[in-house]
Amino acid sequence: RPEDVAPAMRALGWRDSLRTPRELPEQTLRMCEARQAAAWLAAHLSLSGLHASDVMVLARKRVALIPMQDELRRLGVAAQIGEKTSLIECCEVQDMVALLDVLVSAQHDLSLARVLKSPLFGLPDERLVQVALARARCQLPWFELLQKEELIAPDGRSPAACLMRWKAWVDRLPPHDALQAIYADADVLARFSAAAPAHQRANVLSNLRALLALSLQVGGGRYATPYGLVRSLKSGGAHAPAAVNRDAVRLLTIHGAKGLEAETVLLLDTDATQRGADSMTVLVDWPFDAAWPAKFVFLTSERTPPACALDTLNVERAQRAQEELNTLYVAMTRARETLVVSSVQSHREAEHSWWQRLQAWAQPLMVPVADTPDSSAEASRRDSFQLAELPEASFNQALAAIDSEAGRLAARVGEAMHRLLQWGDVSESGTLAVAREFDLTREQAMHACAMARRILQGPGAWAWNPAVLAWQGNEVELMVNGQARRIDRLVQRQDVGHVGEWWVLDYKSTAPAHASADPLLQLRAYQRALQEIRPGAVVRAALLTGAGDLIEVAQAHEP
């Protein structure tokens, strides 16, 4: 039985690779530093009353920030690396890439183990050990073994059946379509969200969606294959979407922190040894006011420079030392109130390291022990949440959406026609101007211009003839039934026998279907309101349509 085998194997020095990672000396030291620094930081936040966003953790290189992020999250402290992260470095993306690995090539046992352990199935370690022992007995790949062994996930699903179904999709469909089908069938977003702490949930979702979007972009979407997608992801270059968490500790390289400040700044890995001698390098001595270099030297090794390059090399070393001090200055001045320095004991003494320079001016801190995760971190995994989902759209809803969009476009074209008539300008420049103002294509703006031109050249053209008009106005405000309204155009003619004949003109891109249509009723109301203002004058009203027609309505005194 597995439970009997494990203790015996541990006694022989066997490492359970499912539970115990392989340890390398340098990684172990970095992990110890990150664990110690994270424990102090968690205690500092609880005692000082600061928010996580008031703290910044800085390091020379990004590699030191990754274990710090893991340790802070293990303690339930939200942390975010504020610089570009490769998409393939995200755990949830690695889980999905492992799944594609297995579906493309069923021989990848390690990838399948990761898939079974991931939130896709959530199998416990004991079940994975059983599969591994069966693999040793049958000498079959895990994928084939699952088809023979009865293995059930905690939620009652059969991993073998799911994998076979997904493999059929990957073999038959383009990568994006296959991934989309897997996302829906496995409820990928919900499963990974439920497995992630609350403060990481938004990042997890955005990374999974970015993977889906990337599957459309690889190779410009042409000749895409699942294998090509996996190879593209593993080669790097695709960055995770930038998700800003304003309630998280900021983890930055010193270069990336320029211009930023925080109440508390924690510096990592400050006792690093000095830069070693370069080999196969170039020295350039180029005075800033010279047209060409004074010296250009190829060096096989800086340890044994030729005599002619010694002075140039010494100047280069002095500049490096100055740059080291400049970087330390940048790091120290990021802190408004508290600066904390941490280090990893170097394998050889670093005489002028940051730690050596600052230790005499610093006070030692007691670091609390935090070997177990904070209960709040576990509680955050059990909280309830809702994912945003689109409602199911019926055919009628789709038609209504299309009609609504078409209506909005027609309204914008009509407004563009109104603007051209208001300007009295149907030139090319006027057309381009309304295209920009109302977000129209060139063809749509040309259509609006054509309607305006038909009005200006049709039976109502006299309404823009200065020789005919005694007065004219556009967008004239008028009180109608106690409410303010605007008349598209109001003019007074002087070429007719009636003294003071006024015309109320309204523009419509299309003519009303019948005489009792709403635009005509509205126009009659405008006519009656103006008649009350000008009781002795003749007030007439007409519609000017995009077809070039002038449709006059009955006068106000007529029944």
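**A conversation about strands, a surface patch and salt bridges**

Visitor: Where is Trp286 found?
Guide: Trp286 is found in the loop between β5 and β6. Please note that this is a predicted model.

Visitor: Which residues form the nonpolar patch on the surface?
Guide: Trp286 belongs to that patch, together with Val282, Val284, Phe296 and Phe298. Their accessible area together is about 550 Å². The elements that give two or more residues to the patch are β5 (279-285) and β6 (295-301).

Visitor: Now the sheet. What order do the strands have in the open sheet of 5 strands?
Guide: The order is β8-β9-β10-β11-β12, and the pairing is mixed.

Visitor: Which strands stand at the edges?
Guide: They are β8 (469-480) and β12 (550-552). Each has a single partner strand, so one side of each is left without a neighbour in the sheet. From one strand to the next, the twist averages 35 degrees.

Visitor: In what sense do β10 and β11 pair?
Guide: Strand β10 (residues 501-508) and strand β11 (residues 539-545) pair in the parallel sense, over 7 bridges. As an example, Lys508 has Thr545 in β11 as its bridge partner.

Visitor: Let us change topic. How many salt bridges does the count come to?
Guide: The count comes to 22 salt bridges. Side chains of opposite charge can pair when their charged atoms come close.

Visitor: Which parts of the chain does the pair of Asp155 and Arg191 link?
Guide: The side chains of these two residues meet in a salt bridge of 3.0 Å, N to O. Asp155 is in the loop between α7 (142-148) and α8 (159-172), while Arg191 is in helix α10 (residues 188-195). The pair links distant parts of the chain, 36 residues apart.

Visitor: And what separates Arg320 from Glu316?
Guide: Both lie in helix α13 (residues 310-332), and because they are 4 residues apart there, about one helical turn separates them. Arg320 forms a salt bridge with Glu316, with the closest N and O atoms 3.4 Å apart.

Visitor: Which residues are linked with Arg35 in a network of salt bridges?
Guide: Glu71 and Arg74 are linked with Arg35 in that network.

Key:
Residues numbered from 1 in each chain as written. Predicted model: local features only at pLDDT ≥ 70, side-chain atom pairs only at ≥ 80, totals over all residues. Heavy atoms only, no water. Pairing = 2+ DSSP bridges. Axes fitted to C-alpha atoms, helices over the stretch in contact; angles between N-to-C directions. Patch = residues over 30% accessible without salt bridge, like charges linked within 9 Å, V, L, I, M, F, W, Y side chains within 5 Å. Areas by Shrake-Rupley, 256 points an atom, 1.4 Å probe, with all protein chains shown as cover. Salt bridge = Lys/Arg side-chain N within 4 Å of Asp/Glu carboxyl O.
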